[in-house]
Amino acid sequence: MGFLSLLLVASMPNIQVLLIGVIGAYLASGYSKILTSSALRDMNKVVFTVFTPSLMFASLAKTVTLSDVISWWFMPVNIGITFIVGGTLGWIACQILKPPQHFRGMIIAFCSAGNLGNLLLIIVPAVCDEDGNPFGKDRSLCRSRGLSYSSLSMALGGLFIWTHTYSLMQKAGKMYHKMQSKSIQCPADSDEEHPAQCDDQVKLGGETSYGDEEAPLLVPAKLTEHNEENQMEAPLLSCESEIANKGFWTNMKETIHQVVEELMAPPTVSAILGFVVGLVPWLKSLVIGDGAPLRVIQESLQLMGNGTIPCITLILGGNLTQGLRKSVLKRTVIITILCIRYVMLPLIGMAVVHAAYGVGFLPHDPLYRYVLMMQFALPPAMNIGTMAQLFDVGQEECSVIFLWSYLIAAIALTTWSTIFMSILS
């Protein structure tokens, strides 16, 4: 399979994302004004509560079987490694670059959570259809196995994203709103005690703000650049001191409440239900299959789930029009995220899969190992944009990172896919 053919295959899903994003940007621009800020928020709520849970349940209930979970047990371990390694590298990057505190959870999410389903569902079957692929001459068998691996990857990835990544973005949103409330209270509450400090903050915010609504976000961001250690930590210390005074049992109750709240998120609940239906044969026979008496439920959920990716991409495109003008994220942060996702993680992925195969954890099937390695080389998960909109934190920055990630993904995916296949052939 030639490099140009592989480039075309790897580019198609990224080009689709970019084209739909351009449409979303036009609908949110001043020329159309269809996707207003309120429309984007309402659309995102529908994606979070209806479309994404439908997609999670439909894919898990149809794909997961007990025999596959047993024989492909290393795939959830491999996905967990991508989240742990990516999250660790993202945390190290935050310690070095010191971005604003409310962006740190989002940066770690971008480094750890990859697009584990949609791109693989397109790339892997397309690679099987090409002449000269190292996965066997029987294209139909290769395609069938590739779809099974990719579907399970999407289902398991969604479960990780809507637990681990959801928690990161939720904490980032809470931190952002606390910092915002502190900066808003400064002129009213501290005018007599610290007039000079508040005047400086207003002045600093005015230098870079594009509108009144941006001032609360830009004040801590600007202070970060002038005094990284003291100014950036001040809002957090005041918030953390309130938590420290509550006592051990109160903090434990709040932690348990937060975990339960995350597990009760609609996508997480639907993922758990999908796993149960997939693993219990008699339940699966009721919903899945041409002769299933309740197959209309699965077909309806699958129909709604098909709207998830287009809606998420339109929302990202709509936020992009604001992000190009209002993003306060440094270029070095974006470059670091791209280096982690497209250089460091794929190299680590090759080592992990090679070691697992050498120990005997993996079957001989080269296509299975190819999918495992590709899981380390994918662009960030689209659902991060949904969470950013949901928790009202870093929406513009999110769109800018996605723009660069998916622009570079075509070349990066092609290069790494070629390297992986050459190793496996």
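Two residues are in contact when heavy atoms of theirs lie within 4.5 Å. Keep that in mind as we walk through this predicted model, in which local features need pLDDT of at least 70 and side-chain atom pairs count only at pLDDT 80 or more, while totals for chains, interfaces and linings use all residues. Residues are numbered from 1 along each chain as its sequence is written, and side-chain values use heavy atoms, with hydrogens and water left out.

Let's start with the whole protein. It has 19 helices and zero strands; these are DSSP runs numbered from the N terminus, with at least four residues of H or I for a helix and at least two of E for a strand. Of its 425 residues, 51% are buried, meaning under 20% relative accessible area, whereas exposed means over 50% and partly exposed lies in between (1.4 Å probe, protein chains only). Among contacts between residues at least 6 apart in sequence, 83% join residues at least 24 apart.

Now look inside. In soluble globular proteins, nonpolar side chains tend to be buried together. A nonpolar core is a set of buried Ala, Val, Leu, Ile, Met, Phe, Trp, Tyr and Cys residues joined through side-chain atoms within 4.5 Å. The largest one here has 97 residues, and Met-75, Met-169, Tyr-370 and Ile-384 have the most contacts inside it. Helix 19 (residues 395-424) gives the most to this core, namely twelve residues. A second, separate core has six residues, among them Phe-57 and Val-277.

What does Met-75 touch, not counting residues up to four places away in sequence? Its partners are Tyr-149, Leu-152, Ser-153, Leu-156, Tyr-368, Val-371, Leu-372 and Gln-375.

Next, find Ser-112 in helix 5 (residues 101-112). Is Ser-112 buried or exposed? Ser-112 counts as buried because its relative accessibility is 1%. A polar atom of its side chain lies 2.8 Å from the backbone oxygen of Ile-108. Beyond its neighbours within four places in sequence, Ser-112 is in contact with residues including Phe-83, His-164 and Arg-341.

Helix 13 (281-287) and helix 14 (295-305) each supply at least two residues of the patch. Ile-297, in helix 14, counts as partly exposed because its relative accessibility is 41%.

Terms used: Polar contact = N/O pair within 3.5 Å; in protein donor to acceptor, adjacent residues only side chain to side chain.
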